[in-house]
Amino acid sequence: MIEILNEKIFHLYNEKISYIFYIMENQQLGHLYYGGSLGAITAHDLAYFLERENKSAGTVKFSPDSGLFTLADRSQEYPVYGTSDFKEGALDIQVADELWYLDFQYAGYEQTAVKERSLGRPASYAYSGEAETLIIHMTDADHQLALELSFSIFADSSAIAKSQVLRNKGDRDIQLNKMLSGVLELPSADYEFIHLSGAWLKERHVKRRSLEQGTVSIGSLKGASGHQHNPFTALAHKQATLNDGQVYGTNLIYSGNFLAQAEVDEWQRTRFMVGIHPTHFSWQLEPEEIFQTPEAVLFYSDRGLNGLANEAARFTEQYVIDRKWAEKPRPIVFNNWEATYFEFDQEKLVTLAEEGQALGMECFVLDDGWFGQRDDDRSSLGDWFVDTRKFPNGIKAFAEQIHQMGLQLGIWFEPEMISPDSHLYEKHPEWVVRHPYERAAFGRGQYVLDFSNPEVVEAIYAQMKTIIEETQLEYIKWDMNRNITEAYSTYLKTTGRPQTEFFHRYILGVYHLYERILTDFPDILIEGCAGGGGRYDLGILFYSPQIWPSDDSDAVERLAIQSGTLLGYPLSSFSNHVSTSPNHQMDRYTSLKMRQEVCLFGPLGYELDVTQLKDTEKQAIQANIQFYKQHRSLLTHGTFFQLLSVEDTTNEVAWGVCNQDKSEWLIGFYRKLAQANPANIEYLKIPMIDQTKTYWINQTEQVTGSMLKEIGLKKPYQFNGVNHEQMHVSGDFQSTIYHLKEVR
Ligand code: DGJ
């Protein structure tokens, strides 16, 4: 997968992609190509593509004896601002009041085929023979710095993973003000910048805008990747469509503050970068200390947005999420939150669990309110011991009851938070993230715990461990309900570290708690959550195979949330819960049919008062669960396709998922508003179906793949004012599931 030509040109390639960089005249690293595979190449072939010197007036030469060479018009691997390149760079270093103009020159390379999964830090991993990594050593002799640039390529994937390590080889402290993880330079600006943005209750909607000269960026400064923007972004060629054309994607295996940006220069070339957000960040590097960036991943597809989504999903399932979760079926969860909120006791929960179990659910998740003395969201975070008013016989006895029903048990924690009204706060007010100013912002009645302090992480872990052991816990829901403000750590102050390291150290503390739990309890399934989808990223997915994607459980809103999420992440990475109608976030009425059919795609759950259901509703739930169990593997790990549009602007949404040889498909069709006087027949084309096969549709009719591709599935017959007897769907919020199976 890696070839090196004349120790000057480095070519990472497989059957899908080629990635090429080279040593430029000034000994720095130039970028040459990322795109469809070129196969094996020669240095001679490449000479044709090498960049020309720029003759335009006004450029600044690199040095007096460098001819016309300037960095301004060169595509680079790890650019820095300040010499002859005027775009924003990836790295900024300062010593006292002096900003350094860095000059990293090639100093050698090494190769490795080992990419182990290590719980200490989230990163991609691979088993033997699946990945190769090239590490390029660069040195800046004047500033006594060593930089390692690491590039990994993976079997059967378009991804290139990049990370960097900087070492201070000098004898004084340096201050790292910016160190991004992923850079991709493209020779054109004919792209749309696509990002997944929104807010609480409407996370990860697809947004797109054309690149123009200048910079577009998104990011987070909230201490978490955030509800508002997601670290997955893409550049789609302006001619790219859903199934065709060139698209690049990037993501960051990180959960804290991030920046993703695309800058277009005067020659209409694009610099795409992602990494830790430089605002409110700097890191002090003492002699011989290193700083390691989180890993960034680049993706490429020439099959449009669906191709990109397939690449991102496959990579995440195979090389980021712990692969053991691909083999274990994800349990169908019953979560009591929207069923009870804080109003419950053991008896009520047991009744719900029994009812859920009878309907086919497999894991009972006890949500917020079981600990301390928490009857609302104003108290007890940090006191992770059971509330004996609600569980008079203790949590162990409750867990035993749940297990005796044949259910797994899950418990909600919000490990990073502390309520002012808690024993923990009384004992350790200094563990709160808070500036010594009089005034500190307050969110949802709680403060954030200082996870940059290892003692805090350890104390929370000790409490969680007791509960996990007592309850023989199978599942944790790990919530995080407020953002970080007045970022200040008493611990950092006492250890002499700059406060600007806080955000990154905080997230490393979060990862450390994950590491502690999963080292001692490797089989626990941890579901990530942050007030819904406020921390949905590859860092969390490294530890948590699934994340609660949004607090909005409304079926219509979910169409946009799930569609957006699926552009960058796999189906298996988010859980969907069927909730009541009218919906608690939207006050919207939708049918149980639609609610269940939207939730089918991904790990399934229920979150409503099942004791209030009518018999017909119970039967519908039982039937849906039975159907889900039959198709669970397809619905969680199948290959997903958008059939109409990834964006939320259309009245109709259609999702398809198929198995590896495309012999089986499930297709969900959803229409938000009914149409007046509709056509008597409308079709839904399946462009990526296997044309050589013939399929059963819902076990009743046979149709060839070619017909499904060229003509399509018949959309459900709508009510047209008179056809009461024949129509399949009527009224707003319609849905239909099609099952296609190869005729053998
Ligand atoms: C926010 C989560 O997203 C909800 O599902 C629920 O767990 C509440 N927090 C509990 O406080």
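**Group meeting: a sheet and a domain interface**

Let me begin with strand 33 (residues 652-658) and strand 34 (residues 664-671), which run antiparallel and are joined by seven bridges. Within this pair, W655 stands opposite G668 of strand 34. Strands here are DSSP E runs of at least two residues and helices H or I runs of at least four, numbered from the N terminus; two strands pair if DSSP finds at least two bridges between them.

This is a predicted model, in which local features need pLDDT of at least 70 and side-chain atom pairs count only at pLDDT 80 or more, while totals for chains, interfaces and linings use all residues. Residues are numbered from 1 along each chain as its sequence is written, and side-chain values use heavy atoms, with hydrogens and water left out.

Both strands belong to an open sheet of six strands, with antiparallel pairing and the order 32-33-34-39-36-37. Its edges are strand 32 (639-642) and strand 37 (701-704), each of which pairs on one side only.

I turn now to the domains. An automatic or database domain assignment sets the bounds: domain 1 (2-319), domain 2 (335-633) and domain 3 (652-742). The C-alpha centres of domain 1 and domain 2 lie 34 Å apart. In contact, meaning heavy atoms within 4.5 Å, are 50 residues of domain 1 and 48 residues of domain 2.

Two salt bridges are found across this interface, where a salt bridge is a side-chain nitrogen of Lys or Arg within 4 Å of a carboxyl oxygen of Asp or Glu. Finally, the side chains of R497 and E289 meet in a salt bridge, at 3.9 Å from N to O.
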